[in-house]
Amino acid sequence: MESNTLDQIRALKQKGARTPRVIVIGAGMSGICMGIRLLEAGIEDFVIYEKKEKIGGTWRENTYPGLACDVPSYFYTYSFEPNPNWTHRFPPGSEIQQYFESVFEKYGLAAHTQFNTEIADCRFEEGRWQVDLANGKTDSAEFLVAATGVLHQINMPTIKGLESFEGKQFHSARWDHDVELKGKRIGIIGTGSTALQMVSPLSEVAEKLTLFQRTAQWVIAAPDKQYSEGWKRLVARHAWLATALYRGYKFMIEQTLGKAVVKPGWRRTLLNWMCESNLKTVKDRELRHRLTPTYEPGCKRVVVSSNFYPAIQKPNCALVTDSIERIEAAGVRTRDGELHELDVMVICTGFDGFAFMRPMAMTGRDGVTLADAWKKGPRALRSLTIPGFPNFFMLIGPHSPIGNYSLIPLAEGQSMYAMKCIKMYMEKTFDEIEPKEEAVANFYQRVGEALPDTVWTSGCQSWYQDEDGVPALWPWSPQRYMSEIADPDLAEYALIQS
Ligand code: NAP
């Protein structure tokens, strides 16, 4: 834990410095991180409002078969909370949920969290954020932190007849565990990371599994590995091992995928080679042809899976590439006229990657609404702060370096950035802080200049892109992001004394 700033805040508080109240929205990975930062700094006057009945964000919402994180487990942890108990190289979703629950409990964050409490509306009035909760109660605080995650509003497709299906149908993030899968004819619509993770486990129980593909995906193989009990005991005894693995995986991802996607060069060539050689493991030429994307690897988020290609070649699996004409009571009718009869239909069409804290309503200074501020799409200075919205921070906001990287170090850096601003508030450097329009314009000009070098603009469609096709991602390396947010640059901010 970066203790310097937090120790300084603690010392300031002991000397009687004014201490703000902080409201955190969401008890997922980043909200928990923010809560820990506040506790470690000795700031007790804060609350985390969580709309659901338990913590976990995306790991609470997603419970589909095969759910795992494609970031290695030792790197998919808080840097300050190594976990010796990971059972696999790629952590299963349920273990990640358990990990966050244990960290939440360890730090005693339950005392600061209100579950089943959605925030309906926030307004910045007279130097404070006034918050209306959906349950009719109100609250207020000097600082507001949105830790709402990126992918939490599901994207349901607008396919003709979707509601007419008479079998069982649900979105991947709303898995219905009461539905029997054994011996059923299961259809999956979509071929993103989610869909491809579930193909292998579903193929083991389904009588027939049909994958409806609109666009093929590039897939790299990264074999999973089960950790032995002996290994887990060793890591538990020698904490430095987990830390060394964290650093090793971090370095490896930053040096390979982290750079391949933002700059042409040998890393991108290597990524292309890895994807192409993995595709060559599909033996049937015709199937391989249909699984071959027509865009560059990395343009859409690369799928990491060692079991998708083997599974889709099984006799009980079918890849359907004819586009969907409509959904009918019995299944999916494709353009070639064929009816693919199904008992269970899983909708894996992803999420609205531009929702962030919405549908919550927000009004900043002088009545400016978030809808006004984001008319042309979500914008924030280095994904953290928005002009007109004082004393407000976003964790994992727009243009965070999220493509195939762990979001945890980002949330750690971003929450520390917020803490550094809170420290300055306690030192009376300002009463209100918000980024200057010109700083944001300058940032977006730099982003715009760098984006053409990235693979995300090389010609594909993905949830990364806004309506104009501009990807809302950080177009440089994750290391550069961490260094640019290491310290708030006050020249970029309007500092208001009231
Ligand atoms: P996604 O990547 O957005 O994929 C959605 C899929 O649905 C695409 O194949 C898309 O096709 C298809 N689709 C959308 N609308 C459709 C329609 N009307 N008809 C037919 N097909 C349609 O969603 P996701 O797979 O849920 O993944 C979202 C993100 O979650 C990932 O990119 C990743 O960041 C995260 N995730 C991470 C992990 C992990 O291991 N870390 C695992 C799962 C998910 P097109 O490509 O043609 O648009």
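The crossing of helices H2 and H13 is right-handed, a crossing being called right-handed if the near helix is turned clockwise from the far one by less than a right angle, and left-handed if anticlockwise. Helices (H or I, at least four residues) and strands (E, at least two) are DSSP runs numbered from the N terminus. The model is predicted, so local features need pLDDT of at least 70 and side-chain atom pairs count only at pLDDT 80 or more, while totals for chains, interfaces and linings use all residues. Residues are numbered from 1 along each chain as its sequence is written, and side-chain values use heavy atoms, with hydrogens and water left out.

Helix H2 (residues 29-40) packs against helix H13 (residues 407-426) at an angle of about 40 degrees, and their axes are 9 Å apart. H2 is therefore oblique to H13. Axes are lines fitted to C-alpha atoms, for helices over the stretch in contact, and angles run from 0 to 180 degrees between N-to-C directions. Angles under 35 degrees count as roughly parallel, over 145 as roughly antiparallel, 65 to 115 as roughly perpendicular and the rest as oblique. With helix H4 (residues 93-106), H2 forms an angle of about 20 degrees, the axes lying 11 Å apart. H2 is therefore roughly parallel to H4, and the crossing of H2 and H4 is left-handed.

The ligand is surrounded by 23 residues, each with a heavy atom within 4 Å of it. The closest are Thr191, Thr194, Thr215, Lys300 and Trp463. Helix H5 (residues 193-205) supplies the largest share of this shell, three residues. By class, the shell holds 10 nonpolar, nine polar and four charged residues (nonpolar: Ala, Val, Leu, Ile, Met, Phe, Trp, Tyr, Cys and Pro; charged: Asp, Glu, Lys and Arg; polar: the others, Gly among them).

Polar contacts are pairs of N or O atoms within 3.5 Å; within protein, one must be able to donate a hydrogen and the other to accept it, and residues adjacent in sequence count only if both atoms are side-chain atoms. A side-chain N or O atom of Thr215 is 2.4 Å from a ligand oxygen atom. For polar side-chain atoms of Trp463, the distance to a ligand oxygen atom is 2.8 Å, and for Gln197 it is 3.3 Å. Of the 910 Å² of accessible area that the ligand has on its own, the protein covers 84% (Shrake-Rupley method, 1.4 Å probe).
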